[in-house]
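Here is a short briefing on one protein structure. Look it over, then read the points below.

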Amino acid sequence: MQWYFIAALLTILTSSQGILTTLSQTNGRYKYDYATIPFLAEVFKLLASSFFLWREMQFQSPPRMTTEWKAVRLYVVPSIIYLVHNNVQFATLTYVDPSTYQIMGNLKIVTTGILFRVFLKRKLSNLHWLAIILLAVGTTTSQVKGCGEASCQSLFSAPIQGYLLGILSACLSALAGVYTEYLMKRNNDSLYWQNVQLYTFGAIFNMARLLWDDFRWGYESGPWWRRLLDGYTFTTWMVVLNLGSTGLLVSWLMKFADNIVKVYSTSMAMLLTMVLSVYLFNFQPTVQLFLGIIICMISLHMYFAPVHMLVDLPATSKSASSTLKEVIIANQE
């Protein structure tokens, strides 16, 4: 299966995630506990990966599975990073407005490229770096509002703590992705066995989050397992299925492609979501949106197109010796 097919599918699923989440609201609010969505998505990914691992063991040669605890415990780290990241996100939003936070979130595009180079030792050409920076510029441009909608000074009016936390959030997001890619490629273990380990710890940490919420709110609504499916509708289950399927596709890209492909997929998904919102939610398109799309398309072409499509290479000139031979032969004739 080609990576670009998986990347395109990831783009479609990621873009529909925000739309499905919005449609799952009733009168502008959620009738279900939104914290249960990531937990059920982790359980779905765990069950799906376990099923595919079982099939792999039944119908193919025994897959490679490293079971030593020294290797298994490494899969705890992504769950811890995401847990810290989620809390940093919440803290950041106490200092900056959502629009500024969304724009600052594009820093993870650049930080992913930096960590990709530093920790995974993957060399990026100058053209690749320029494409990554253009992608960050394009996504940011598409999100910037005009001065008529908000103050032009709003982006720079937040306390310094907000910007520092925003940078930390971008670094944590990039670190989680780069570390997950390292785990997936550090050995030749079965992808499904790696997923089972990854999502087992993911489900445990999300369950711990639900327990903490119960403790923090004094069990006002009862224990989490009794209200797990309260308020769920067909659309809510589609949100769970979408989030779980997206995670499975990301793990495939981490194993067989890389973080940069994932970054492009999710960035293009954001733009696709904004375009679809024009038709679904009467979102008003802006000049900035169209400019951002154009810049991102240029970045996509610059990063993945073959060099000969980007640079007009001069035709190889004939060597002096071959030219001399042609002259001698012509004179002899």
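The points below cover a helix pair, the cysteines and one threonine. This is a predicted model, in which local features need pLDDT of at least 70 and side-chain atom pairs count only at pLDDT 80 or more, while totals for chains, interfaces and linings use all residues. Residues are numbered from 1 along each chain as its sequence is written, and side-chain values use heavy atoms, leaving out hydrogens and water.

**Helices H2 and H9**
- The axes of H2 (residues 36–59) and H9 (residues 191–216) come within 8 Å and cross at roughly 155°.
- Axes are lines fitted to C-alpha atoms, for helices over the stretch in contact, and angles run from 0 to 180 degrees between N-to-C directions.
- Helices are DSSP runs (H or I, at least four residues), numbered from the N terminus.
- H2 and H9 are therefore roughly antiparallel (an angle over 145 degrees).
- Residues of H2, including Phe39, Leu46 and Phe52, meet residues of H9, including Trp193, Tyr199 and Met207. Contact means heavy atoms within 4.5 Å.

**Cysteines**
- The count of disulfides is zero (a disulfide is a pair of cysteine sulfur atoms within 2.5 Å).
- Cys171 is partly exposed, at 31% relative accessibility.
- Cys296 is buried, at 0% relative accessible area.
- Buried means under 20% relative accessible area, exposed over 50%, and partly exposed in between (1.4 Å probe, protein chains only).

**Thr92**
- Thr92 lies in helix H4 (residues 76–92).
- Thr92 is buried, with a relative accessible area of 0%.
- Leaving aside neighbours within four places in sequence, Thr92 is in contact with Tyr101, Gly162, Leu165 and Gly166.

Technical notes. Helix = DSSP H or I, 4+ residues; strand = E, 2+ residues; numbered from the N terminus. Parallel < 35°, antiparallel > 145°, perpendicular 65-115°, else oblique.
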